[in-house]
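I opened my notebook to look up a few side-chain contacts. Here is the structure I had on screen.

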Amino acid sequence: MPRRRRGRGEGGVRLTSKGLWEASVSLGRRPDGSRYRVNVYGKTKKEALEGLRKLQDSPRAMTGDRVTMAGYVDIWLADKQRSVAPSTHCRYEYAAEYVTKYLGHYQLKDVGPPHIRQWYSDMSADSVSMSNQAKAAQLAGMVFRSAMADGVCVADPCRVVPAPRPRKKEIQF
């Protein structure tokens, strides 16, 4: 009877040379392109599989407590690529450059309203157009709402600070 093959994303289970069972799952790619794998060990195969299921069910474990803004934006973009049109994804990537350039080094859970205010003023000081500032702010809000749904952060600081709004041009007749 042939062995049943695991599906994509289900992970793998093996017996190590030390007698422990190792369950591993790939959680996507790092910014440098290498695979991000997480391993769980157990004395029995059943323990290892239970640990793997807990890991897959926990969004915090998948992204980690110390995930940076840049890291989560990359995860969010990869997830959105499957559900939006290519042109929309291209616009998201363009706006994400502003988010990661200014906020990328902060841990996601530590970003608060003062950081967002400083981000808006830094973009203005660097002569980023109001339209691009508004698009970046909108994307940051979507990322924070997704992170809240995943349980990675507790609040959306973009909701507290008013986003830059592009000035509407008067129509001349």
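**Ground rules.** I am reading a predicted model, where local features need pLDDT of at least 70, side-chain atom pairs count only at pLDDT 80 or more, and totals for chains, interfaces and linings use all residues. Residues are numbered from 1 along each chain as its sequence is written, and side-chain values use heavy atoms, with hydrogens and water left out.

**Salt bridges.** I looked for a side-chain nitrogen of Lys or Arg within 4 Å of a carboxyl oxygen of Asp or Glu. I found four salt bridges. One of them joins R82 and D79, at 2.9 Å from N to O.

I then checked accessibility (buried is under 20% relative accessible area, exposed over 50%, partly exposed in between; 1.4 Å probe, protein chains only). R82 is exposed at 68%, while D79 is partly exposed at 40%.

Which residue forms a salt bridge with R145? I found D156, with the closest N and O atoms 3.4 Å apart. D156 is buried at 7%, and R145 is partly exposed at 35%. D156 also bridges to R159, at 3.6 Å between the closest N and O atoms. Shared partners join R145, D156 and R159 into one network.

Y94 is partly exposed at 43%, whereas Y98 is buried at 17%.
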